[in-house]
Amino acid sequence: MNNKCNVNELKKLLMSLPVNYPIGFIYLNGLPVEVSTLINLDCDTGIAYFVGAEGNIVSFDTAKIDGLSFRQAEEAGADC
């Protein structure tokens, strides 16, 4: 873990996740924002980068993220 990041517990959690870790939603001020994976966390700026629901790259200030929802990996060939 990088010691130069002095922030909240959610940022610490994001710092501990590997690149391309699956995440279902982040919550900004209580509102869900669908994302698929964590790409990177810039500790100097506090900006977290994710792949968005439509495959685009989205970034959020970790100080404004107040929750995470992890999705289960889908089984190969499983029908919903």
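Let me start with glycine 46, which is buried, at a relative accessible area of 5%. Buried here means under 20% relative accessible area, exposed over 50%, and partly exposed in between, with a 1.4 Å probe and protein chains only. This is a predicted model: local features need pLDDT of at least 70, side-chain atom pairs count only at pLDDT 80 or more, and totals for chains, interfaces and linings use all residues. Residues are numbered from 1 along each chain as its sequence is written, and side-chain values use heavy atoms, leaving out hydrogens and water.

Back to glycine 46. It sits in the loop between β3 and β4; helices (H or I, at least four residues) and strands (E, at least two) are DSSP runs, numbered from the N terminus. What does glycine 46 touch, not counting residues up to four places away in sequence? Lys11, Phe60, Asp61 and Thr62, where contact means heavy atoms within 4.5 Å.

Now the chain. There is one helix and there are six strands, in the order α-β-β-β-β-β-β from the N terminus. Of its 80 residues, 30% count as buried.

Last, the largest nonpolar core, which has 16 residues. Such a core is a set of buried Ala, Val, Leu, Ile, Met, Phe, Trp, Tyr and Cys residues joined through side-chain atoms within 4.5 Å. Among the members that touch the most others are Leu14, Phe60 and Ile65. β3 contributes the most, three residues. Isoleucine 65, leaving aside neighbours within four places in sequence, has contacts including Leu10, Leu14, Phe50 and Phe60.
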